[in-house]
Amino acid sequence: MKVYFDNAATTPLDPDVFEEMKPLMLDMYGNPSSTHAHGREVRTKIEYARRKVAELLNTVPAEIFFTSGGTEADNTAIRCTVEAYDIKHIITTSIEHHAVGHTVERLVAQGKVKASYVELDGQGHVNMDHLEQLLKSNPNSLVSIMHANNEIGTINDIEQIGDLAKEYGATFHSDTVQTMGHYVHDLKQLNCQFIVGAAHKFHGPKGVGFLRVCKSRTIGRFIEGGGQERNHRGGTENVYGIVGLAKALEIAYAEMESHQKHVQSLKTRMIEKLRENIPGVEFNGDISPEGSLYTVLNVSFPPHENNGMLLFSLDINGISASGGSACSSGANKGSHVLNGIKADPNRQGIRFSFSKYNTIEEVDYTVNKLVEILVPEAVS
């Protein structure tokens, strides 16, 4: 059996999304910046996609800018806000995705800003009292705190964070890559000036995302060049990617309730089966349905002779999972997220992440293989 449990890294493309993209790949090849009929036809598709994304997020099309993905969108939100509003202080956490963490570190190294890191509890939740203290002490800050962590799945209350940021006159950016397409985002009710999305996290194509810039904020050009994306991001648009993104988000919203119910059932079953069959198993981050991503489960396995080889052992049994963020592949350092929540370094953490295409049978197969690897006496 082949099992793909690395959906937090990327998801399979929905066949209906591919069908939506195909005409833009084969037949509708005009440059959307051209004024002739071929170009106008393609421009119409981009603007329809923009309207669809805005409609689903309950905002206006003028606030949606298409990008190459979540990383570019996060970089743009942080760098352009610092420049446009003379921001000298950023409030963030130690467990942000590297698209945020490394951007902040670079700005600090360049002497452009100072950074403060909000205290976290053992599950990765933000200490709201500490956040308020930092906001009080540092006016005109940029707050950059993710909605849900990509490695451990812990969810932050971005409504409460947004309200606090507004109270103290701060700008709020949230990396919403892991929750986009999996939870409803009502941007008219949310005090968050910048959110981001990446299509490949909700069964869309790779290489395309978006940045929402609230109409209350004006930032400069993302990429120098032509006048694309309302003169903010030069470069010919990834038309079929943009169309695929909008279709994938539309499907995600239409299926959200059933999708969440199905995927949560997979996560719940894996938690139960692991607890039943592997002594000493624990979990990193919040695993409650209300406090964590239903798509992500980070398992903390007890020390074992197979520590360090568990991912390899799963792989040779046809199971794809992750030891942390896929963006850290090849790095020698341990997970900055697990370090940030002070996880036990002697225990190996494995992230299993689920999608609508996974099954109960795959969960059971994976747990059985883990038992064979970690508790061989139980199957001898």
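# Strands, salt bridges and a charged patch

Strand S10 is covered on both faces: Val296, Asn298 and Ser300 on one side, and Leu297, Val299 and Phe301 on the other, are all buried. Here "buried" means under 20% relative accessible area, "exposed" means over 50%, and "partly exposed" lies in between, with a 1.4 Å probe and protein chains only. Strands (E, at least two residues) and helices (H or I, at least four) are DSSP runs, numbered from the N terminus. This is a predicted model, in which local features need pLDDT of at least 70 and side-chain atom pairs count only at pLDDT 80 or more, while totals for chains, interfaces and linings use all residues. Residues are numbered from 1 along each chain as its sequence is written, and side-chain values use heavy atoms, with hydrogens and water left out.

- Strand S10 spans residues 296-301, and six of its six residues are buried, so the strand is largely enclosed by the rest of the structure.
- In a regular strand the side chains alternate between the two faces of the sheet.
- Strand S9 (residues 282-284) runs antiparallel to S10, and three bridges join them; two strands count as paired if DSSP finds at least two bridges between them.
- Glu282 is the residue opposite Ser300 in S10.
- S10 is also joined to S12 by six bridges, again in an antiparallel arrangement.

**The parallel pair S5 and S6**

- Strand S5 (residues 142-144) and S6 run parallel and are joined by three bridges.
- Leu142 has Thr171 in S6 as its bridge partner.
- Both faces of S6 are covered, with Thr171 and His173 buried on one side and Phe172 and Ser174 buried on the other.

**Salt bridges**

- Side chains of opposite charge can pair when their charged atoms come close.
- A salt bridge is counted when a side-chain nitrogen of Lys or Arg is within 4 Å of a carboxyl oxygen of Asp or Glu, and by this rule there are 18 salt bridges.
- Arg43 and Glu47 form one of them, with their closest N and O atoms 3.0 Å apart.
- Both residues of the Arg43 and Glu47 pair sit in helix H2 (residues 37-57), four residues apart, or about one turn of the helix.
- Arg43 is partly exposed at a relative accessible area of 23%, and Glu47 is partly exposed at 25%.
- Glu255 and Lys356 meet through their side chains in a salt bridge of 2.9 Å, N to O.
- Glu255 belongs to helix H8 (residues 239-277) and Lys356 to the loop between strand S12 (348-353) and helix H11 (360-374), so this pair ties together parts that are 101 residues apart in sequence.
- Glu255 is partly exposed, with a relative accessible area of 32%.
- Lys369 and Glu372 form another salt bridge, their closest N and O atoms being 3.5 Å apart.
- Helix H11 holds both Lys369 and Glu372, three residues apart, about one turn of the helix.
- Lys369 counts as buried at 17% relative accessibility, whereas Glu372 is partly exposed at 38%.
- Salt bridges with shared partners link Arg43, Glu47, Arg50, Glu229 and Glu237 into one network.

**Loop residues with positive phi**

- Which phi does Asn140 have, positive or negative? Asn140 is not a glycine, yet its phi is positive, at about 55°.
- Asn140 lies in the loop between helix H5 (128-137) and S5, and is partly exposed at a relative accessible area of 35%.
- His203, also not a glycine, has a positive phi of about 70°.
- His203 is in the loop between S7 and strand S8 (209-213), where its relative accessibility of 4% makes it buried.

**A negative patch**

- Asp157, Glu159, Asp163, Glu167 and Asp186 form a negative surface patch.
- Patch residues have over 30% relative accessible area and no salt bridge; like charges are joined within 9 Å, and nonpolar side chains (Val, Leu, Ile, Met, Phe, Trp, Tyr) within 5 Å.
- Accessible areas come from the Shrake-Rupley method with a 1.4 Å probe, and for residues only the protein chains shown count as cover.
- Lys and Arg count as positive and Asp and Glu as negative, with His and the chain ends not counted; each charge is placed at NZ of Lys, CZ of Arg, CG of Asp or CD of Glu.
- Asp186 lies in the loop between strand S6 (171-174) and strand S7 (194-198), and is partly exposed with a relative accessible area of 30%.
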